[in-house]
Amino acid sequence: MKRKTNTLILGGGFGGLAVAHTLRPLIPVEHSITLVSKSSQFVVGAAKTWVMTGERNIGAISSDLKSVIPPNVEIHHAEVQKIDVVKGEVTTSMGMLRTNFLVIALGADLNMGAVPGLAESALSFYTLEDALRLQERLNAFKEGELALLIPRTPFKCPPAPYEAAMVLHSMFKERGVREHIRISIYTTEPAPMPAAGPEMGAFIRDLLAERIIAYHPGKVTKSVDPKHKTILFESGEKVRYDLLIAIPPHESSYPVREAGLANQSGWIPVDPGTLKVATQVGAIPVYAIGDVTALPLPGRYKPESPLVLPKAGVFAASQGAVVARRIAAEILGKSPDDTFDGKGSCYIEIGGGQAVKGEGSFFNLPHPVMSKQAPSEEQFRDKQQWVMMWLKGNISS
């Protein structure tokens, strides 16, 4: 491709950074790369529980976005307002941008208002601001019913609610108040981390049971009553809480839905290997990666239960690297052959300075396969090093 091109990346999270870091050294500098992010900060979401418990401050799990972007990548700090894939144009709060290659890595928006009464009743740790507010409340919480609620799926970082419960168990134990606090998890899921399989689900349930954390699956939330501090489920069952921590319902951003890119699931369908948008109608190549996508898995544990790829930063990063190499091949006049392999890993903290690393192959047949090791302090240190690697911009493809 002799003419100069511009690659436009929407989103400055794991996926967007991976595209920028992988693509920049592969193409001549006259081919420009522009990254649009409404935030000037890059945050490692997997470390937000550290802010929740007060182990780390915000500065310890975030970096200035400019410091983790490679040279010769332009940053637009703006909000995406409209996406026109036919014209290859994106309207932002700072103006309109044209592109030859579009990568949508906008992640997921959080909408507590999706469940009646939830926003007025619950705290969360899914944003830095929420984690700080929750930290303040936890510091004053000495006894009572703590309910951790998962009202809707999908949500990013599937281990996070279970990790949070176990970390809170350890924190309360260290403070000498654990015996006065009852921790319960209520989830719409049939099992913990269902895409990871029954063995991983049983492993998580055993960890919860060892810590006397009650687990209630298959609970579809209807509403929350902030006045009487009760959760109402579709079954008619009510449960009371003194402190409610919720995983916010997730949805794709308005510009994605308004552009007609999302399907009935509410997310962007993509080709599993190439990450090209399945509903593309425009002339330019359009890719979507990470949490904004809906990626069905070929295998399943039960014939009647289809699975989708979990929403996690590690997948967004892997997908971003694949997309970057495919775009580079097109720019250089080569045939793109890189494909996403459905592999990824995650760390699950269990409290007490220990963690478990799970490694999964989610495109495997007849079902995804996920392996793990016994919990250890070494795996927790590995997580800490992984977080620091991203915060320093040491991102490999």
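Select Ile 185 to start. Contact here means heavy atoms within 4.5 Å.

This is a predicted model, where local features need pLDDT of at least 70 and side-chain atom pairs count only at pLDDT 80 or more, while totals for chains, interfaces and linings use all residues. Residues are numbered from 1 along each chain as its sequence is written, and side-chain values use heavy atoms, with hydrogens and water left out.

**Stop 1: around Ile 185**

Stay on Ile 185. Its strand is β12, residues 181–187. Strands (E, at least two residues) and helices (H or I, at least four) are DSSP runs, numbered from the N terminus. Is Ile 185 buried or exposed? Ile 185 is buried, at 0% relative accessible area. Buried means under 20% relative accessible area, exposed over 50%, and partly exposed in between, with a 1.4 Å probe and protein chains only. Ile 185 and Pro 217 are 32 residues apart in sequence, and their C-alpha atoms are 8.0 Å apart in space.

**Stop 2: Arg 98**

Move to Arg 98 in strand β8, residues 95–98. Arg 98 is exposed, with a relative accessible area of 56%. Leaving aside neighbours within four places in sequence, Arg 98 is in contact with Asn 6, Gly 88 and Glu 89.

**Stop 3: the aromatic rings**

Show Phe, Tyr and Trp side chains. Rings (for Trp, the six-membered one) pair if their centres lie within 6.5 Å; planes under 30 degrees apart count as stacked, over 60 as edge-to-face and the rest as tilted. How many aromatic pairs does this rule give? The count is 13.

Zoom to Phe 14 and Trp 390. This pair is tilted, with 4.5 Å centre to centre and 55° between the planes. Phe 14 belongs to helix α1 (residues 14–23) and Trp 390 to helix α9 (residues 377–391), so the pair ties together parts 376 residues apart in sequence. Phe 14 and Trp 390 are both buried.

Phe 42 sits in strand β3 (residues 41–43) and Trp 390 in α9, so the link spans 348 residues of the chain. Both Phe 42 and Trp 390 are buried.

Then widen the selection. Phe 14, Phe 42, Tyr 347, Trp 386 and Trp 390 make up one aromatic cluster.

**Stop 4: charges over rings**

Select Trp 50 and Arg 56. The charged end of Arg 56 sits over the ring of Trp 50, 4.7 Å from its centre. The test is that NZ of Lys or CZ of Arg is within 6 Å of the ring centre and within 35 degrees of the ring normal. Next, select Phe 203 and Lys 372. Lys 372 lies over the face of Phe 203, at 4.8 Å from the ring centre.

**Stop 5: α1 against α8**

Two packed helices are described by the angle between their axes and the distance between the axes. Display α1 with helix α8, residues 313–331. The two helices pack at an angle of about 35°, with their axes 7 Å apart. Axes are lines fitted to C-alpha atoms, for helices over the stretch in contact, and angles run from 0 to 180 degrees between N-to-C directions.

Which residues of α1 meet α8? They are Phe 14, Gly 15, Ala 18, Val 19, Thr 22 and Leu 23. Facing them in α8 are residues including Gly 313, Ala 317, Gly 320, Ala 324, Arg 325 and Ile 327.

**Stop 6: backbone features**

Go to Thr 153 and Pro 154. A cis peptide bond joins them, with omega about 0°. Pro 154 is in the loop between β11 (144–150) and α5 (160–174). Another cis bond joins Leu 365 and Pro 366, with omega about 10°. Pro 366 is in the loop between β23 (354–361) and β24 (369–372).

Finish on two residues with positive phi. Ile 212, not a glycine, has phi of about 55°. Ile 212 lies in the loop between α6 (198–210) and β13 (214–216), and is exposed at 69% relative accessible area. Lys 229, also not a glycine, has phi of about 50°. Lys 229 is in the loop between β14 (221–225) and β15 (230–233), and counts as partly exposed at 33% relative accessibility.
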